[in-house]
Amino acid sequence: MEEKCISKAVIKRLPRYYRYLGELIEEGVERISSNELSEKMRVTASQIRQDLNNFGGFGQQGYGYNVPYLYEEIGKILGLDKTHHMIIVGAGNLGQALANYVKFEKRGFKIVGIFDVNPVLKGISIRGNEIRMMDELPQFLKEQDVEIATLTLPKNNAAETADLLVKNGIRAIWNFAHLDLDVPKDVIVENVHLSESLMRLSYNLNCYENEHEKK
């Protein structure tokens, strides 16, 4: 298959397909049509077919999609057939919550280190990982094969920490800090701004309430 640019909107929907297909497997469903899948996901059947056709289609006319096969193939597209070593920088409430989330490892994301600046936290173990101090980070990255760094730091520390991570070979950052990072173009950043998500929820709630007041 020739390589082509896939839109960000399609990529954003792939994890949803993967999640729903996983639920279907748990229910014992072997095959599903695009129409049936659209009802579950609230995405049009046409959109589903267009999205999957970017990667070869996977469906058969008159049969639909083989659920376990499609689940496996989307997992490969998302890189979930590999193990990605990950660290967490910032061992506050959010960092510890992420470190305790067992499904990351089931998806191939293995947390191999947790770092913080607070000496009170040093040595505390979270699911087998002892919290280390930031001065240990450069040496740790030299010795370990780490692909992803998760930033759960205050805004004022995030930029400096991101620079340190990039300098020591990190090429993918999962950023929970309320700051858009300025990193080289070859560094991949996925921003998770929780407050922005909550604001979108507030907007939609406001629209809903306004519409029902008019009725």
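## Arg132 and Glu136

Glu136 is partly exposed at 27% relative accessibility (buried means under 20% relative accessible area, exposed over 50%, and partly exposed in between, with a 1.4 Å probe and protein chains only). Its partner in a salt bridge is Arg132, with the closest N and O atoms 3.9 Å apart. A salt bridge here is a side-chain nitrogen of Lys or Arg within 4 Å of a carboxyl oxygen of Asp or Glu. Arg132 also counts as partly exposed, at 31% relative accessibility.

## Basis of the model

The model is predicted: local features need pLDDT of at least 70, side-chain atom pairs count only at pLDDT 80 or more, and totals for chains, interfaces and linings use all residues. Residues are numbered from 1 along each chain as its sequence is written, and side-chain values use heavy atoms, leaving out hydrogens and water.

## Domains

The chain is divided into domain 1, covering 8-77, and domain 2, covering 84-196; these bounds come from an automatic or database domain assignment. Between the C-alpha centres of domain 1 and domain 2 there are 32 Å.

## Other salt bridges

The structure holds 5 salt bridges. One of them joins Asp51 to Arg13, with 2.7 Å between the closest N and O atoms. This pair links distant parts of the chain, since Asp51 sits in helix H3 (residues 45-53) and Arg13 in helix H1 (residues 8-26), 38 residues apart. Helices (H or I, at least four residues) and strands (E, at least two) are DSSP runs, numbered from the N terminus. Asp51 is buried, at 1% relative accessibility, whereas Arg13 is partly exposed, with a relative accessible area of 21%.

Another salt bridge brings together the side chains of Lys76 and Glu72, at 3.7 Å from N to O. Lys76 and Glu72 are separated by about one helical turn because they stand 4 residues apart in helix H4 (residues 67-77). Lys76 is partly exposed, with a relative accessible area of 41%, and Glu72 is partly exposed at 45% relative accessibility.

Strand E7 (residues 148-151) pairs with strand E8 (residues 172-175) in the parallel sense, over 4 bridges. Two strands pair if DSSP finds at least two bridges between them. In this pairing, Ala149 has Ile173 in E8 as its bridge partner. From E7 the chain passes through helix H8 (residues 155-167) to E8, a β-α-β crossover that is right-handed; that is, with the strands pointing away from the viewer, the path from the first strand over the helix to the second runs clockwise.

E8 pairs in turn with strand E9 (residues 188-191), in the parallel sense and over 4 bridges. Here the bridge partner of Trp174 is Glu190 in E9.

## Annotated binding site

An unreviewed UniProt entry places the feature "binding site" at Gly90, Ala91, Gly92, Asn93, Leu94 and Gly95. UniProt positions are given in the numbering used here, feature names are shortened, and annotations may be inferred rather than shown by experiment.

Among these residues, Gly92 lies in the loop between strand E3 (84-89) and helix H5 (93-99). Gly92 is partly exposed, with a relative accessible area of 32%. Asn93 belongs to helix H5. Asn93 is exposed, with a relative accessible area of 74%.
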